[in-house]
Amino acid sequence: MEAGARLKASCIMMLKLRQPDAKDGHMIEALIATCPPLDQNSLYSTLLLCTDFADTCVIAEDDDGQVLGWVSGYIPPNDPETFFVWQVAVHENARGQSLGRKMIDHLLQRPSARRTERLRTTITPDNDPSWALFRSVAKHLGAELQHKPWFLEQAHFAGAHDTENMLTIWPINRAALAA
């Protein structure tokens, strides 16, 4: 087995999933920068996610403290039965190990998400890795995946960004999360 493959395989076994805090902001931003086509948000917005929304975000790090994964999400105030996943980033050394799905599972098992019945996210039509991730999440949860155009290229982004499709995975099967 080549060294890169050993590193990739060993990364998942030693990962710790935890809530982020403000000191993680710059490391999260660095990870996001290595994961195109993810939007690079401001460091300030990442700091707010790490503090005000820490209950609905997760960071994956190895034993050396290197950030290998990040999921930001929130529960919309007007829809407490929905968990919205804003962003998923997985370092290239940790890809192919279901880390994105494991982080989403971890978030859905937290006390802050116990009332949620559905998972939502938005994805552009050409983001194949994200489509694959959320199809995997739906299959793992034994749930349906529905999607429809949500934020439109012209109407919402004035042509500066591709249409974002709203994906809904429903119902969340809590027994599948525990498995």
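**Sheet, helices and loops of the predicted model**

Gly73 has Val85 of strand E4 as its bridge partner. In this predicted model, strand E3 (residues 67-74) and strand E4 (residues 82-90) pair in the antiparallel sense over 6 bridges. In general, strands of a sheet pair through backbone hydrogen bonds, in either a parallel or an antiparallel manner. The open sheet as a whole comprises 7 strands in the order E1-E2-E3-E4-E5-E7-E6, with mixed pairing. Its edges are formed by strand E1 (16-18) and strand E6 (144-151), each of which pairs on one side only. From one strand to the next, the twist averages 25°.

Helix H2 (residues 25-33) packs on the sheet, where it touches strand E2 (58-61), E3 and E4. The direction of H2 makes about 100° with that of E3. Helix H4 (residues 99-109) lies across E1, E2, E3, E4 and strand E5 (118-123), and runs at about 145° to E4.

Helix H4 includes Ile104. The relative accessible area of Ile104 is 1%, so this residue is classed as buried. Apart from neighbours within four places in sequence, the contacts of Ile104 are Val71, Val88, Leu119, Leu133, Phe134 and Val137. His26 lies 78 residues from Ile104 along the chain, and the C-alpha atoms of the two residues are separated by 22 Å.

Thr168 counts as buried because its relative accessibility is 13%, below the 20% cut-off. The side chain of Thr168 makes a polar contact of 2.9 Å with the side chain of Arg120. When neighbours within four places in sequence are left aside, Thr168 is in contact with Arg118, Leu119 and Arg120, and also with Glu144, Leu145 and Gln146.

In helix H3 (residues 43-51), the buried residues are Ser45, Thr46, Leu49 and Cys50. Viewed down the axis of H3, these residues fall within an arc of 140° and therefore line one face of the helix. The buried residues of H3 pack against H2, E3 and E4. Leu43 also belongs to helix H3, but counts as partly exposed because its relative accessibility is 39%. Beyond its neighbours within four places in sequence, Leu43 is in contact with Gly25, His26 and Glu29. Leu43 and Gly25 are 18 residues apart in sequence, with a C-alpha to C-alpha separation of 6.5 Å.

Backbone geometry was also examined in the loops. The peptide bond from Pro36 to Pro37 is cis, with omega near 15°, and Pro37 is found in the loop between H2 and H3. Trp170 and Pro171 are likewise joined by a cis peptide bond, for which omega is about -10°; Pro171 is found in the loop between E7 and helix H6 (174-178).

Positive phi values occur at Ser98 and Ala158. Ser98, which is not a glycine, has a phi of about 65° and lies in the loop between E4 and H4. With a relative accessible area of 37%, Ser98 is partly exposed. Ala158, also a residue other than glycine, has a phi near 50° and lies in the loop between E6 and E7. The relative accessible area of Ala158 is 68%, so Ala158 is classed as exposed.

Notes. Residues numbered from 1 in each chain as written. Predicted model: local features only at pLDDT ≥ 70, side-chain atom pairs only at ≥ 80, totals over all residues. Heavy atoms only, no water. Pairing = 2+ DSSP bridges. Helix = DSSP H or I, 4+ residues; strand = E, 2+ residues; numbered from the N terminus. Axes fitted to C-alpha atoms, helices over the stretch in contact; angles between N-to-C directions. Contact = heavy atoms within 4.5 Å. Buried < 20%, exposed > 50% of the residue type's maximum accessible area, 1.4 Å probe, protein only. Polar contact = N/O pair within 3.5 Å; in protein donor to acceptor, adjacent residues only side chain to side chain. Arc of directions from axis to C-beta.
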